[in-house]
Amino acid sequence: MNAFVDPAGMSGHSGLARGEVLLRVDNVSLSFGGVKAITNISFDILKGEVRAIIGPNGAGKTSMLNVINGFYHPQEGTITWRGQVRRKMRPYEAASHGIARTFQNVALFKGMTTLDNIMTGRGLKMRKNFFWQCLHWGPALKEENEHRRKVEEIIDFLEIQAIRKTPVGRLPYGLQKRVELARALAMEPELLLLDEPMAGMNLEEKEDMSRFILDVNQQFGTTIALIEHDMGVVMDLSDRVVVLDYGRKIADGPPEEVQSNQNVIDAYLGVPHGN
Amino acid sequence: MAIFIETVLSGLMAGVMYALVALGFVLIFKASGIFNFAQGVMCLFAALTFAGIMEKTSVPWPIAFVLTVAVMVGVAWAVERFVLRHLVNQEPIILFMATIGLAYVLEGVGDIIWGSDVKVINIGLPSGAVDVLLDNFDIYLDKLEVFAALIAAVLVGFLAVFFQKTRIGRALRAVADDHQAALSVGISLQTIWVIVWSVAGFVALVAGIMWGAKSGVQFSLSLIALKALPVLILGGFTSIPGAIVGGLIIGVGEKLAEIYVGPMVGGAIENWFAYMLALAFLLFRPQGLFGEKIIERV
Amino acid sequence: MLYREAGQFKSSYAADQAIFPIAQDRWAVWAFLAVAFLVVPFFVNDYWTNAILLPLLIYGMAALGLNILVGYCGQISLGTGGFMAVGAYASYKLMTSFPELNMIVVVLLSGGITAAVGVMFGLPSLRIKGFYLAVATLAAQFFLVWLFNKVGWFYNYSATGQINAPDRFLFGFQLTGASAQPWVKYLFCLTLLTVFALIAKNLVRGRIGRNWMAIRDMDIAAELIGVRPLMTKLSAFAVSSFYIGMAGSLLFAVYLGAVEVGESFGINVSFLVLFMVIIGGLGSIVGSFMGAAFLVLMPILLKNFMVDGLGLMPVTAKHVEILLMGLLIIFFLIVEPHGLARLWQITKEKLRMWPFPY
């Protein structure tokens with residue numbers, strides 16, 4: 001069903017080497033009716049890096065992520081994925097191309113257990129057909145158990161063993177965020193989009209989450225693009241930062257450089273717009 | 001040609017009736033986000049009560065009318081007290097199913113109290129053909145239907161003002177958006193719900209009397225009322241003008257289809273045509289004629 | 001004290017994912033099945049099969065089907081009656097056109113045909129959600145009933161417009177028709193239901209079931225992690241309609257024997273099955289059966305109590321029954337939205353702790 005997914009390995013499914021361009025956004029504009037959410041933005045994401053997207057509220061960050069994983073379709077501009085210009089696609093196709101995602105407001109499947117939530121993330125990699133699914137025996141059972149093993153690895157990695165069989169609706173917010181990360185990891189993505197992974201967390205939880213993000217990046221070689229408001233976290237984690245304001249790109253570069261950029265300082269400190 | 005005009009006219013008039021029922025749905029949906037499946041049965045129940053009171057006590061109809069309004073307010077209170085209050089902030093689908101349960105309760109209560117035999121409503125509403133049209137153009141149009149159309153127009157005007165211009169109207173709209181948020185700014189959900197269900201009960205009574213005067217009060221009334229659902233889909237759940245226009249489209253479409261398409265396929269397509277029309281329409285415009293386009297966010 | 005899982009360790013993922021991970025449950029289920037298959041058939045008579053057992057099994061099948069769609073995939077449907085009618089008329093046409101066809105094949109094919117019709121009416125579900133979809137399924141309900149009423153081909157142009165099940169035999173025993181033995185009917189329905197309940201359980205605990213629940217709980221997030229909405233929803237419609245079609249087929253061929261579409265498959269049937277699912281428990285296989293059992297048994301008990309006990313008129317008793325049904329629905333939605341299945345689960349949890357609840 002999904003010819004795009006290479007079941008062989010955790011990382012490097014596209015065969016791109018570290019540092020090559022994984023995804024490039026060229027002159028993308030997006031509007032809803034008369035409201036311009038994104039105006040003429042271009043940037044790229046390199047294989048293996050942690051790329052941060054920052055900006056004040058309403059700058060178009062989440063819209064940008066939505067464009068990348070095919071949930072919104074930009075009116076103008078192109079998106080190049082692994083060196084090929086991407087046609088207009090549905091979100092599940094982007095997922096099958098190896099783009100995973102967590103959400104600003106936790107979007108877990110509330111009626112299911114932690115385990116089932118993460119197993120759902122393996123769905124794209126399971127290919128036993130309807131007939132075997134009915135029997136739940138033989139090859140289907142074998143497949144189910146193989147993926148269960150994989151999921152248990154992720155559960156161990158994120159240290160959520162204790163809540164394996166708990167319905168996620170009952171979990172505290174911080175753990176829900178972690179389960180969401182687990183679900184995204186279960187897809188073994190090449191590019192992982194994190195939308196404010198640390199929103200609403202206390203310091204300790206933020207430190208845990210930062211460690212997980214770095215581990216994912218380093219151990220699995222997963223490329224990460226994240227939106228975050230906590231500047232300390234952004235500066236520590238990311239290799240390069242792109243800054244958006246009012247739907248436009250105002251800066252792009254390594255953290256130190258961006259930090260000292262006058263446009264960025266103006267945007268955050270609130271120099272009046274309307275020039 | 002006369003047949004065509006007559007069909008369209010009678011369709012329009014039937015449409016007004018559907019719109020009257022649909023209005024009750026829209027009211028409750030707008031003000032509580034609840035899709036009230038029981039609205040149809042509320043029409044039946046109101047009409048039953050009205051006819052029952054007149055039959056058993058032989059009071060003049062205005063008194064019976066007032067008494068029935070009081071009963072409907074009582075129903076609204078009971079619905080709030082025993083159902084809605086316990087379902088605050090539940091998913092819409094749960095509330096929807098609760099209203100299906102409510103439909104059964106009302107039907108059961110109505111039947112137990114007033115019996116299930118067909119009742120006639122005769123309160124001296126105008127009836128018979130509109131003479132001007134019949135004499136000059138040979139078109140038959142029932143006075144009752146014209147009268148119903150007038151009543152509907154008045155009700156709609158009244159409700160539109162109520163919703164847009166009054167403080168209660170604004171509170172209603174707030175509640176529809178988010179129960180908890182409305183509570184937090186000091187709106188009393190309970191009062192609002194009693195008010196809006198009472199108004200919906202009143203609209204149901206008017207619609208029930210009109211339908212009842214036309215074809216007798218019996219169980220099939222609540223099935224006719226179900227046709228208000230496709231009307232809502234056409235018009236959009238939250239739009240009062242939508243309910244009217246949707247009602248007219250369904251009424252006319254149904255009558256035309258029955259006359260011109262029905263004979264080809266065996267007739268009685270009135271039973272499902274409205275639903276199919278709504279279904280086809282949904283595929284092209286999921287938010288309805290007057291509904292707002294929904295932008296999905298994550 | 002007897003109901004304990006202490007000492008039962010799981011050493012494989014397969015054991016951890018078993019349907020009944022607790023040994024006592026497994027024994028109870030085997031014992032229940034043994035009684036149902038080996039003991040009950042020797043004692044059933046006409047009254048028991050017709051009044052209780054067959055409706056229970058057949059509505060259990062329908063409720064199971066609807067629960068897959070509503071409880072697991074979150075797509076509400078008010079067209080159950082119409083889809084059951086498709087199953088019934090499909091098996092009528094199959095039985096009369098191919099008299100040699102094995103009854104098992106007839107029932108399965110009827111399910112298949114219903115699945116195809118279900119998918120057709122499920123197509124709009126990609127674009128419309130919630131209440132809108134409910135209204136769309138009402139279109140199916142009214143249209144299908146009208147179709148089977150008006151088009152003579154479906155009822156072989158019989159003068160009454162009814163369809164009657166011809167006599168058919170399975171392994172030499174008469175299964176349909178007036179002189180069929182109660183125990184044959186009972187075992188036939190029981191076997192089908194047991195097999196398909198197991199299949200349903202397998203589906204919902206595997207990839208397909210997880211995708212259904214993902215769509216139910218948060219459709220946008222599901223799509224973003226690679227669940228294809230159309231395929232998933234349509235597969236739910238197909239599987240659900242398959243079960244409902246089989247139920248319709250059994251209701252007509254095995255249980256009623258003669259059917260008039262508006263009467264046996266009207267919108268009230270749609271509501272009845274929906275109520276079974278709600279009262280039993282949305283998203284629970286065993287709940288579907290509990291709900292079916294509850295709504296099949298309740299009217300019988302009520303009727304016995306009110307007509308024979310209190311001496312009410314049967315008509316009034318009917319009205320009281322409608323009223324009670326509505327009250328029960330509201331009661332369950334308020335007190336326990338997850339229905340009898342959740343109550344059962346809570347009881348078991350308590351039992352596990354008993355007599356030391358802390």
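**Exercise 1. Determine what share of the contacts in chain B with a separation of 6 or more joins residues 24 or more positions apart, and describe the fold of that chain.**

Solution.
Step 1. Of the contacts in chain B with a separation of 6 or more, 74% join residues 24 or more positions apart; two residues are in contact if their C-beta atoms, placed from the backbone, lie within 7 Å. The structure is a predicted model, in which local features need pLDDT of at least 70 and side-chain atom pairs count only at pLDDT 80 or more, whereas totals for chains, interfaces and linings use all residues. Residues are numbered from 1 along each chain as its sequence is written, and chains are lettered from A and ligands numbered from 1 in the order in which they are written.

Step 2. Chain B has 13 helices and zero strands. Helices (H or I, at least four residues) and strands (E, at least two) are DSSP runs, numbered from the N terminus.

Step 3. The radius of gyration of chain B is 19 Å, which agrees with the value near 19 Å for a compact globule of 298 residues. This radius is taken over C-alpha atoms, and the globule rule is 2.2 Å times the number of residues to the power 0.38. Along the principal axes, the C-alpha atoms of chain B fill a box of roughly 60 × 55 × 35 Å.

Step 4. Buried residues account for 46% of the 298 residues in chain B; a residue is buried if 20 or more other C-beta atoms lie within 10 Å of its own, exposed if 12 or fewer, and partly exposed in between, with C-beta atoms placed from the backbone.

**Exercise 2. Identify where helix α12 of chain B is kinked, and state what covers its buried residues.**

Solution.
Step 1. Helix α12 (residues 240-265) of chain B has a kink of about 45° centred on E258(B). The bend at a residue is the angle between axes fitted to the seven residues ending there and the seven starting there.

Step 2. The buried residues of α12(B) include I240(B), I244(B), L248(B), E254(B) and K255(B). Their cover includes α1 (2-32), α6 (143-165), α11 and α13 of chain B.

Step 3. After α12(B) comes G266(B), with a positive phi near 105°.

**Exercise 3. Characterise the side of chain B that touches chain C by element and by class.**

Solution.
Step 1. In this interface, 38 residues of chain B are in contact with 32 residues of chain C.

Step 2. On the chain B side, two or more residues come from each of α4 (92-114), α11 (228-235) and α13 (270-284). The largest share, 17 residues, belongs to α4(B).

Step 3. By class, this side has 30 nonpolar, five polar and three charged residues. Ala, Val, Leu, Ile, Met, Phe, Trp, Tyr, Cys and Pro count as nonpolar, Asp, Glu, Lys and Arg as charged, and the others, Gly among them, as polar.

**Exercise 4. Describe how the two domains of chain A meet.**

Solution.
Step 1. Chain A is divided into domain 1 (1-98 + 189-275) and domain 2 (111-187), with bounds from an automatic or database domain assignment. Their C-alpha centres lie 26 Å apart.

Step 2. In chain A, 14 residues of domain 1 are in contact with 11 residues of domain 2. On the domain 1 side, α2 (91-96) and α7 (203-219) of chain A each give two or more residues, and α7(A) gives the largest share, three residues.

**Exercise 5. Decide whether Y155(C) is buried or exposed, and locate this residue.**

Solution.
Step 1. Y155(C) lies in the loop between α6 (130-150) and β1 (163-164) of chain C.

Step 2. Y155(C) is buried, because 22 other C-beta atoms lie within 10 Å.
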